[in-house]
Amino acid sequence: TRDQSPAEGTYELVVVANRLPVDRVTDDDGTVRWQQSPGGLVTAMQSVMTGQDGAWVGWSGDPGEAPEPFDSGDMHLHAVGLTEQEIEDHYEGFSNETLWPLYHDVIVPPRFRRRWFDGYRTVNRRFAEVAASLAAPGATVWVHDYQLQLVPAMLRELRPDVRIGWFNHIPFPGVEIFAQLPWRKHVVQGLLGADLLGFQRRADADNFLRVCRRLLGLHTRGGTVEVPGPGDSTRVVRASSFPISIDAASLSDLARTPEVMERARQIRRDLGDPEHVLLGVDRLDYTKGIRHRLKAYEELLSDGVLAPPQAVLVQVATPSRERVSAYIQLREQVEVTVGRANGDFGHLGMPAIHYLHQSYGRAEMAAMFLAADVMLVTPLRDGMNLVAKEYVTCRHDDGGALVLSEFTGAAGELDRAFICNPHDIDGLKYTIRHALDADPAEKRRRMRAMRRRVAEYDVSRWAGDFLAALDAAPDRP
Ligand code: ADQ
């Protein structure tokens with residue numbers, strides 16, 4: 001029990017993310033309970049929050065008033081309420097129709113609407129206020145992702161005593177692209193409220209530093225930005241890279257269980273015991289290169305290089321952002337392509353492509369990874385891509401082969417994959433064939449090297465490195 005001003009809380013570590021780490025589920029008998037969300041961020045933070053006095057600020061996922069704060073395990077969970085209109089403006093609008101395409105190389109045109117930015121600012125302020133009310137004096141606050149880029153500066157204004165870190169899960173674009181954003185200065189100034197800005201790749205951090213120089217005329221030196229403060233004072237903000245990872249040990253253990261290994265064999269039998277099983281697993285998102293992958297596969301079928309029943313492609317496409325028009329369009333395009341390929345190249349009981357627009361549990365995903373001879377990870381742009389890391393982690397048999405786009409963050413670490421440029425359809429076809437036909441000993445060597453990398457640099461290393469760097473960030477308050 002320490003002396004506190006009413007504006008201060010008691011939590012030494014506060015995580016601020018778009019979503020809470022739990023989902024509300026309603027059981028058959030109508031009772032409502034909270035269940036841990038499957039996402040990697042939740043697992044990552046659990047390893048650093050265990051035994052800590054930690055709080056998590058996030059949206060519940062439903063419109064309307066926020067549920068009362070509650071405790072879950074070692075964490076205090078504080079929900080932020082969003083109205084229908086705020087979900088439309090802040091989340092679906094500015095976050096997913098403006099920032100998401102802008103930060104992913106404008107694969108689809110970003111839409112700039114003033115009302116959306118107003119909503120973004122209002123919601124960011126609400127998150128900042130809740131975080132400010134929960135943080136203990138001198139606490140550490142870790143803000144996540146592109147939905148909350150204004151929070152660092154808003155929070156610093158309310159609570160200059162806390163350490164503020166922000167991590168970007170998606171790419172940070174080059175200055176020529178970022179410059180399109182009408183509110184570019186607001187966003188950069190929002191971020192510069194932090195002590196440490198974390199990015200997936202060095203290149204993303206460098207893009208941010210260039211934006212600071214070119215658009216705000218700030219001075220940068222050795223990965224830091226000098227931010228003018230009151231009078232002659234300057235604050236120093238560091239921008240570094242921390243490639244996110246997965247809980248490799250627990251996934252590897254899961255993939256070794258007899259149940260998962262038997263399920264993997266069953267999946268191959270269900271597919272008709274083909275010689276080659278190819279697999280894609282993505283959120284149904286235009287950044288993931290699903291159309292390019294299907295195009296290449298369809299051409300391999302029509303060239304007669306691959307044919308069912310010897311070869312099958314399984315494409316799992318998780319439902320995502322289903323109210324945003326670019327996603328509705330993408331779904332139609334993908335489903336037309338799959339339908340055409342099956343119509344042209346399938347046989348009774350033997351489709352060329354098995355398409356699944358569904359979510360699965362971790363064990364089923366691990367079994368699919370174990371069953372796949374070639375994993376196709378072909379995004380046009382991706383901050384990291386955890387599916388690539390999950391695939392190699394499940395391959396304790398050193399089997400399989402990973403085809404990986406050079407435009408993923410993961411390609412920086414998994415450079416022993418079969419690297420491809422998904423825009424180059426001939427090149428992609430060649431790389432898929434190469435991954436199928438390469439010498440098995442060579443494939444095992446590649447797989448071992450990639451598995452080693454992910455096992456060493458796992459998600460708790462990622463979170464630990466970020467928090468250590470935040471603790472050591474240049475300007476202690
Ligand atoms: P995402 O764009 O969602 O993440 P990714 O990194 O691949 O992309 O993570 C997706 C996760 O969802 C994986 O753990 C995967 O196993 C799981 N998943 C996918 N389809 C599923 C299904 N049908 N059923 C069950 N689980 C499924 C964003 C960025 C990435 C960055 C991560 C983390 O876009 O670049 O790697 O955040 O920072």
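Asp 398 counts as partly exposed because it has 16 C-beta neighbours inside 10 Å; on this scale a residue is buried with 20 or more other C-beta atoms within 10 Å of its own, exposed with 12 or fewer, and partly exposed in between, the C-beta atoms being placed from the backbone. The model is a predicted one, in which local features need pLDDT of at least 70 and side-chain atom pairs count only at pLDDT 80 or more, while totals for chains, interfaces and linings use all residues. Residues are numbered from 1 along each chain as its sequence is written.

Asp 398 sits in the loop between helix H13 (386-394) and strand S17 (401-405). Helices and strands here are DSSP runs numbered from the N terminus, with helices (H or I) of at least four residues and strands (E) of at least two. The phi of Asp 398 is near 55°, a positive value in a residue other than glycine. Asp 105 also has a positive phi, about 60°, although it is not a glycine. The loop that holds Asp 105 runs between helix H2 (84-103) and H3. With 14 other C-beta atoms within 10 Å, Asp 105 is partly exposed.

Next comes the pair formed by H3 and H4. The axes of helix H3 (residues 114-134) and helix H4 (residues 151-158) come within 9 Å and cross at roughly 45°; axes are lines fitted to C-alpha atoms, for helices over the stretch in contact, and angles run from 0 to 180 degrees between N-to-C directions. H3 and H4 are therefore oblique to each other, the label for whatever is left once angles under 35 degrees are called roughly parallel, over 145 roughly antiparallel and 65 to 115 roughly perpendicular. On the H3 side, Asn 124, Arg 125, Phe 127, Ala 128, Glu 129, Ala 131 and Ala 132 meet Val 151, Met 154, Leu 155 and Leu 158 of H4, contact being a matter of C-beta atoms, placed from the backbone, that lie within 7 Å. The residues of this contact split into eight nonpolar, one polar and two charged, where Ala, Val, Leu, Ile, Met, Phe, Trp, Tyr, Cys and Pro count as nonpolar, Asp, Glu, Lys and Arg as charged, and the others, Gly among them, as polar.

Pro 308 and Pro 309 are joined by a cis peptide bond, with omega about 5°, and Pro 309 is found in the loop between helix H10 (290-302) and strand S14 (311-318). Gly 30 belongs to the loop between strand S2 (22-26) and strand S3 (32-36), and it counts as exposed because it has 6 C-beta neighbours inside 10 Å.

Notes: Two residues are in contact if their C-beta atoms, placed from the backbone, lie within 7 Å.
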